[in-house]
Amino acid sequence: MANPRQTLASLAVCCYTAAMSQAQLTTHMMHEALRQAQLAASSVGEVPIGAVIYQPDGTILATAHNLVETLADPTAHAEVLAIQQAIHKTGRKFLEDCTIAVTLEPCAMCAQALSLVRISTIVFGAYDLKSGGTTNGARVLEHAHHKPTVLGGIEEEACRTLLQQFFQTLRHKGEGA
Ligand SMILES: [Zn+2]
């Protein structure tokens, strides 16, 4: 059987060559990030936030989801883990030509990290009024040396619903305990 990850990667390439519009492309990227987020929620009980780093030809370089609980590490955000994976894989210090798709607006720490690795574009799903650091809150990219392009609100409802469902279930579990 074909490796689903490989199938997705080749699908991305084929979609790129078919000259998708920017909206189609960012939606396509966000669907993979959502899949990562769902993995986090269903298999390990993490807050469902997923991230995928894409190379310019549309192939997937890294996929990650939140592992804060699993690793007992409050900095194990999906974006940071995806960056580390991409750097280890390529041996490159910077990811200048890459795009990250993440289901929730990056926090200040992740926004800064994405600027440090000089990522080209940040595509995010749900806005995070409380802890977001790009469009909301500290808006760290405004003061950053490298300012990635930011496209927010991509598949926003699906990303937000996934988070809301997770916290609802958590509350129900808490009430039942
Ligand atoms: Zn973060």
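What share of contacts in the protein between residues at least 6 apart in sequence join residues at least 24 apart? I found the share to be 60%, where two residues are in contact if their C-beta atoms, placed from the backbone, lie within 7 Å.

Basis. I worked with a predicted model, in which local features need pLDDT of at least 70, side-chain atom pairs count only at pLDDT 80 or more, and totals for chains, interfaces and linings use all residues. I numbered residues from 1 along each chain as its sequence is written.

Overview. I recorded 5 helices and 5 strands in the protein; helices (H or I, at least four residues) and strands (E, at least two) are DSSP runs, numbered from the N terminus. Along the sequence I read the pattern α-α-β-β-α-β-α-β-β-α.

Strand β4. I looked up residues 121-126, which form β4, and noted that 5 of the 6 are buried.

Neighbours of β4. I checked pairing, for which DSSP must find at least two bridges between two strands. Strand β3 (residues 99-104) pairs with β4 in the parallel sense over 5 bridges, and A101 stands opposite V123 in β4. From β3 I followed the chain through helix α4 (residues 108-116) to β4, a right-handed β-α-β crossover: with the strands pointing away from the viewer, the path from the first strand over the helix to the second runs clockwise. Strand β5 (residues 149-151) also pairs with β4 in the parallel sense, over 3 bridges; here T121 stands opposite T149 in β5.

Notes
A residue is buried if 20 or more other C-beta atoms lie within 10 Å of its own, exposed if 12 or fewer, and partly exposed in between; C-beta atoms are placed from the backbone.
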